[in-house]
Amino acid sequence: MGFNLQRFFAIVKKEFIQMRRDPIALRLPIAMPIMMMLLFGYAVNTEVDDIRTAIFDQSRTQESREYIDKFEASNYFEVTDYVLSDKEMANLIDKGKIKAGLVIPANYAEDISKGKTPETLLVIDGTDPTTARTAMSSGVLVNEIYSTEFKKKMLKEKGLSFLDMPGVKINTKVFYNPNLESNKFTIPGLVGIILQNITIMLTAFALVREKERGTIEQLMVSPIRPVELILGKLIPYIFIGYAGFLFALAICIFWFGIWPVGSIPLLLVLGFLFVVCSLAIGMLISTFANNQMQAMMFIILVILPSILLSGYIFPREAMPTAINWVGYAIPVTYFLNIIRGIVSKGVGLEYIWQDVVALMIFGVVILTIAVLRFRKSLD
Amino acid sequence: MEYAIEIDNLTKKFDNYVAVNSISFKIPKGKIFGFLGPNGSGKSTTIRMLCGVLTPTSGTGTVMGYDILRNPEKVKQNLGYMSQRFSLYDDLTVEENLDFYAGVYGLNRKVRDERKEELIFMASLNGKEKTLAKNLSGGWKQRLALGCALIHKPKLLVLDEPTAGVDPVSRRIFWEIIHKLATQGITILVTTHYMDEAESCDMIGFIFNGNLIGEIAAPSDIIAHANSKDLEDVFIKYVEEINGIKVSSFGDMKFLNE
């Protein structure tokens, strides 16, 4: 069972010509990463700000105005409506027009002047937990700060200083992404996810088209070997897939301004490894599917879990152990570690070598299965 | 006598369905063997077993001296195959299709260019070298597919319904080429539905419901032995004998079941 270079190159050349003749097949893998990066780069944002808020100010005083201003100044709340009753506020929440509401009681200013602590109410729409959590914590925080300032002022008037009182102050230091910008986490991940989706699609149709046209029968009666056919078909797509990777990465760097902290050459090499690995998955699908419809279904079968279980959106630490293990069976899981490691943390090969080895094993194993599955017989 | 194809009790079962039932025949080198039978009779299954892409359930066979079970890759190297689907790449030109198959069969550049010239001439494709295969009409496509099957100078040519869906003029040109190839010593196994094509073969065999029926002989001998006026008549007689049903034409047989 030898490997004949001439037969291999005959396949490579044929695939290149066919690719050149199909303008869509040529442009889509370039256009798609650009389009998806721009679109999803903005959509996948876990930071919540400008929460639409209604105010029910029953006090209508200088003091209540000041309190509301503090909420607005935090940037977490955007006051969109002023209402005149609880019912009106509830109505706006029901309609989805607002996500939060602030109710200030009529005796707000009066209580303050009497030295009592007035109680306000922050109403939150809990449908989307992410928004609700942000609204709750930032609402509480705004209130804390305001009341602390308020107390300071009162103490000063009485000739006391807040600083004289003992207490504990915590200092925090955040590594890698000090401003906790979610972009720095999601955009590099997006590069991996988009890349995977496009490359799998490229090769998933590679053998299927031959099956549909009937040319596969002609190849089967020829002396060509499965390994020559599979690898020969893979080569041209590596170029296309890698071009897609470069475009996606360029947008991550130049458009979103996320400059990799770590080594760019290392990222380029490992990106290549991942492209080959994803193309191998597509090729494997191609050996299973008998027509493009089936190929499409297999693609979805692979892509959906890889988006949800790879740690791209939901932290894998939060998943039950069994589901976490499923994540290990998905190559993009490892690439996400790699690209996030290099781009956000700036780590070198010594920290991500296990992910690199895992990707290599996946690539080789998947390709081997594809070659073995494509027997040259119709049995 | 040397045989290009020798098969002995070749059988193929798909689950419980017997597609080919213990078929045996020998085809001498340099002959045109017409393999006849209605759709679904087992012609293509037999051919696929001969080409080494389908494993027989039982039985043995050799093609150009190579065992189809033990040496299918050698068999593949030594035969040219063309199916009714004209397995061409539509988005490649005439020349690129030929180049591709030349590469697949490991031809060097010099042999390839010589061979390409011969085949383009044979198929009257001169001036169409740069035309995409999809822009060729049926007859041209058919002859290009034949050219691709012949690129590596096989001594055996297997044609599975090569004239299906092709106009009568192209059909005649195609058969002229086939006869010319036979005079060069190439053995040809061809399946067909057309009786006029069958009658121009050196020898024919008839398959029905997976069984070989009657003798394998020259068409004129078969007609004479059966005291019939033509081949179609002979086969109708065969089938009526087996089934006890009246059959009006060869075309009707495909609707018959056992």
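Q: How many bridges join strand E1 of chain B to strand E4 of chain B?
A: In this predicted model, local features need pLDDT of at least 70 and side-chain atom pairs count only at pLDDT 80 or more, while totals for chains, interfaces and linings use all residues. Residues are numbered from 1 along each chain as its sequence is written, and chains are lettered from A and ligands numbered from 1 in the order in which they are written. Strands here are DSSP runs of E with at least two residues, helices are runs of H or I with at least four, and both are numbered from the N terminus. E1 (residues 3-14) and E4 (residues 58-63) of chain B run antiparallel, and the bridges joining them number five.

Q: Which residue of E4(B) stands opposite B:Ile5?
A: Look across from B:Ile5 to strand E4(B). There you'll find B:Val63.

Q: In what order do the four strands of the open sheet in chain B come?
A: Two strands pair if DSSP finds at least two bridges between them. The edge strands, E2 (17-28) and E5 (66-67) of chain B, each pair on one side only. The pairing is antiparallel, and the order is E2-E1-E4-E5.
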